[in-house]
Amino acid sequence: MPLIKVIVGTTRGGRFSTQPAQWLMELTKDHPEATFELVDLAEINLPMLDTTTPPSMVKNGEYEKEEQRKWAKIVGEADGFVFITGEYNYGVPAALKNAIDHVGNEWGNKPVTYVSYGTAAGGARAVAHLRDSAAWLRMYDLREHVLISNLWGYLDSEGKFQPSEHHVESAHSMLKAVAFWAEKMKPIREELEKQ
């Protein structure tokens with residue numbers, strides 16, 4: 001059974017990202033075809049990347065820093081990913097980009113998809129940036145994703161996220177796709193790693 005890491009990509013106080021993350025984890029109960037694990041970058045607390053060797057050039061997980069090696073283990077054991085991301089100034093939150101950049105080969109040949117949120121664009125510009133990084137890292141970027149535009153319109157009087165029917169349908173489609181491709185790509189990845 002494939003292991004999918006759901007990565008909460010923001011760390012600042014008062015962040016919204018934990019709400020769609022928890023909502024998504026509830027929905028994963030309807031998808032026994034994979035194991036879904038929540039990974040919160042606020043808990044991982046990676047420092048800014050400052051290594052001399054680019055992570056893409058590191059072989060066999062032999063990273064310079066202990067925090068890289070720990071993060072590489074978390075990323076490496078996954079068969080696929082869901083990034084939960086806001087959009088900061090038309091781009092990717094720094095914590096998420098920093099986490100992606102900390103390791104290299106561990107991301108490769110695995111499916112990735114997104115839950116994004118924001119104002120009118122719903123985080124779409126951040127996802128566009130993430131798709132570029134995913135391509136470079138040899139990730140399999142899935143079309144299925146969840147976009148939450150004008151997120152304030154989906155909050156109740158207490159500020160709790162109230163997803164629409166469209167959000168729920170999109171999420172189930174996304175979870176099904178990432179589980180499917182994680183399973184299909186696993187033997188291919190194992191074969192490629194032998195080369």
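The side chains of E77 and K73 meet in a salt bridge, with 3.6 Å from N to O. This is a predicted model. The structure holds 12 salt bridges. Its largest nonpolar core has 27 residues, and a second, separate core has 25 residues.

**Salt bridges**

- E77 is partly exposed, with a relative accessible area of 36%.
- K5 forms a salt bridge with E37. The closest N and O atoms of that pair are 2.9 Å apart.
- K5 lies in strand β1 and E37 in strand β2 (residues 35–40), so this pair ties together parts that are 32 residues apart in sequence.
- K5 counts as buried, at 1% relative accessibility. E37 is partly exposed, with a relative accessible area of 32%.
- A network of salt bridges links K5, E37, K73 and E77.
- E87 and R125 also meet through their side chains in a salt bridge, at 2.6 Å from N to O.
- E87 sits in the loop between β3 and α4, while R125 belongs to helix α5, so the pair ties together parts that are 38 residues apart in sequence.
- E87 counts as buried, at 18% relative accessibility. R125 counts as partly exposed, at 28%.

**Helix α5**

- Helix α5 covers residues 124–136, which makes 13 residues. At 1.5 Å a residue, the helix should span 18 Å. Its end C-alpha atoms are 19 Å apart, which agrees.
- The buried residues of α5 are A126, V127, L130, S133 and A134. Seen down the helix axis, these buried residues fall within an arc of 115°, so they line one face of α5.
- D132, A135 and W136 are exposed on the other side of α5.
- The cover over the buried residues of α5 includes β3 (80–85), α4 (94–102) and β4 (111–117).

**Nonpolar cores**

- In the largest nonpolar core, the residues with the most contacts inside it are L24, F36, V82, I84 and V115.
- The elements giving two or more residues to this core are β1 (3–8), α1 (18–27), β3, β4, β6 (146–148) and α6 (165–194).
- Helix α6 gives the largest share of this core, seven residues.
- The second, separate core of 25 residues includes L41, A72, V112 and V127. V127 is also one of the buried residues of α5.
- Leaving out residues up to four places away in sequence, I84 touches V6, I7, V8, G9, S17, P20, A21, L24, V115 and Y117.

**Positive phi in loops**

- N45 lies in the loop between α2 (41–44) and α3 (66–76). Its phi is near 55°, a positive value in a residue other than glycine.
- N45 is exposed, with a relative accessible area of 60%.
- N150 is placed in the loop between β6 and α6. N150 is not a glycine, yet has a positive phi of about 50°.
- N150 is partly exposed, with a relative accessible area of 43%.

Key. Residues are numbered from 1 along each chain as its sequence is written. This is a predicted model: local features need pLDDT of at least 70, side-chain atom pairs count only at pLDDT 80 or more; totals for chains, interfaces and linings use all residues. Side-chain values use heavy atoms; hydrogens and water are left out. Helices (H or I, at least four residues) and strands (E, at least two) are DSSP runs, numbered from the N terminus. The expected span of a helix is 1.5 Å times one less than its number of residues. Buried means under 20% relative accessible area, exposed over 50%, partly exposed in between (1.4 Å probe, protein chains only). The arc is that of the directions from the helix axis to the C-beta atoms. Contact means heavy atoms within 4.5 Å. A nonpolar core is a set of buried Ala, Val, Leu, Ile, Met, Phe, Trp, Tyr and Cys residues joined through side-chain atoms within 4.5 Å. A salt bridge is a side-chain nitrogen of Lys or Arg within 4 Å of a carboxyl oxygen of Asp or Glu.
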